[in-house]
Amino acid sequence: MIKAKGICKSFADKKVITGVDLDIKPGMIFGLLGPSGAGKTSLIRIITGQLVFESGEISVFGKPVSELSGEDKRQIGIMMDDHGVYDRLSCIENLKIFADIYGVPRSRIKTALAQVGLADASKKPAMKLSKGMRTRLQLARVLMISPRLLFLDEPTSGLDPMTMKYVHKLILEQKANGCTVFLTTHNMEEASCLCDEVALLNEGKIIDRGAPGEICRKYNHQKKVNIHLKSGEDLELEHGASSSGKIAELMAQGQIETIHSSEPTLETVFIELTGRKLESEEEIRYA
Ligand SMILES: Nc1ncnc2c1ncn2[C@@H]1O[C@H](COP(=O)(O)OP(=O)(O)OP(=O)(O)O)[C@@H](O)[C@H]1O
Ligand SMILES: [Mg+2]
């Protein structure tokens, strides 16, 4: 669906993307993760033809980006920043403009608003929407085109947990419909549960990639088994044959309440690899 090789981009003399390769298969949810300033938005802008790059090759739908036809572009949904929402216009009027630009029948507007749970707010001006509602309006806009490829730049940033779950459901529905999703997020839990594959971008370079579980297992340096006994005691045993007798004994005696292997979370791996704590949304907003 997307192939990139050796992508490089600088702003003035600052290199922001330094030799990125991508191979995103059709139908997957791909997550691009990275600390603030890593280059995630820049990379989306490059792949979607909004930003020129200095060297490398990118193909989308098997064609170089520069050769994509109008019809190809109409199958690509892009949701990033706040762009394209007209504050004074109602939800429905916003979608009408977008439907006309994309050549989508206006009959789809009502369905799209219902799909994102905005049917009752269809006549509200965009400026009166809450942050979560505004995000859902932006989603309605891209879902309306039934995209084959969908770019979502931090689609759940600043949303409450309920709205976030709602957005996750919409993303998974897109995948079920065969859409390929490219998303960025600072939320590692979100990436772990949504993404088939993630790439860790740091200072413009991909430092590792793979399925979230695969990455966590790869960086499991501790190789321990953590056991919580019904007595309240916690045990940490080696993850190996040397512990098998003890674990079997505790199991047979019915003493074990919980037992877990010690692989790190994606967030722990990320902090280890980037050497940086992931900024919380609050920290980013008030930086
Ligand atoms: N138009 C621009 N002109 C100059 N520098 C830019 C421009 N756009 C981005 N940059 C720089 O490129 C780097 C990467 O920025 P980018 O927005 O791609 O990061 P990001 O990973 O999306 O960050 P965040 O998680 O905060 O959204 C940053 O150092 C940023 O300052
Ligand atoms: Mg960004």
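**Close-up views of a predicted model**

**View 1. Helix H1 (residues 40-47) gives the most to the shell around ligand 1, with 3 residues.** Helices here are DSSP runs of H or I with at least four residues, numbered from the N terminus. This is a predicted model, where local features need pLDDT of at least 70, side-chain atom pairs count only at pLDDT 80 or more, and totals for chains, interfaces and linings use all residues. Residues are numbered from 1 along each chain as its sequence is written, while chains are lettered from A and ligands numbered from 1 in the order in which they are written.

**View 2. Here's who surrounds ligand 1: Phe11, Val16, Gly34, Ser36, Gly37, Ala38, Gly39, Lys40, Thr41 and Ser42.** A residue is near the ligand if its C-beta atom, placed from the backbone, lies within 6 Å of it. Sorted by class, the shell holds 3 nonpolar, 6 polar and 1 charged residues. Ala, Val, Leu, Ile, Met, Phe, Trp, Tyr, Cys and Pro count as nonpolar, Asp, Glu, Lys and Arg as charged, and the others, Gly among them, as polar.

**View 3. Helix H3 (residues 91-102) meets helix H4 (residues 108-115), their axes coming within 10 Å and crossing at roughly 125°.** Axes are lines fitted to C-alpha atoms over the stretch in contact, with angles from 0 to 180 degrees between N-to-C directions. From H3, the contact takes in Cys91, Ile92, Leu95, Lys96 and Ala99, and from H4, Arg108, Ile109, Ala112 and Leu113 (C-beta atoms, placed from the backbone, within 7 Å). These contact residues divide into 7 nonpolar, no polar and 2 charged.

Terms used
Helix = DSSP H or I, 4+ residues; strand = E, 2+ residues; numbered from the N terminus. Contact = placed C-beta atoms within 7 Å.
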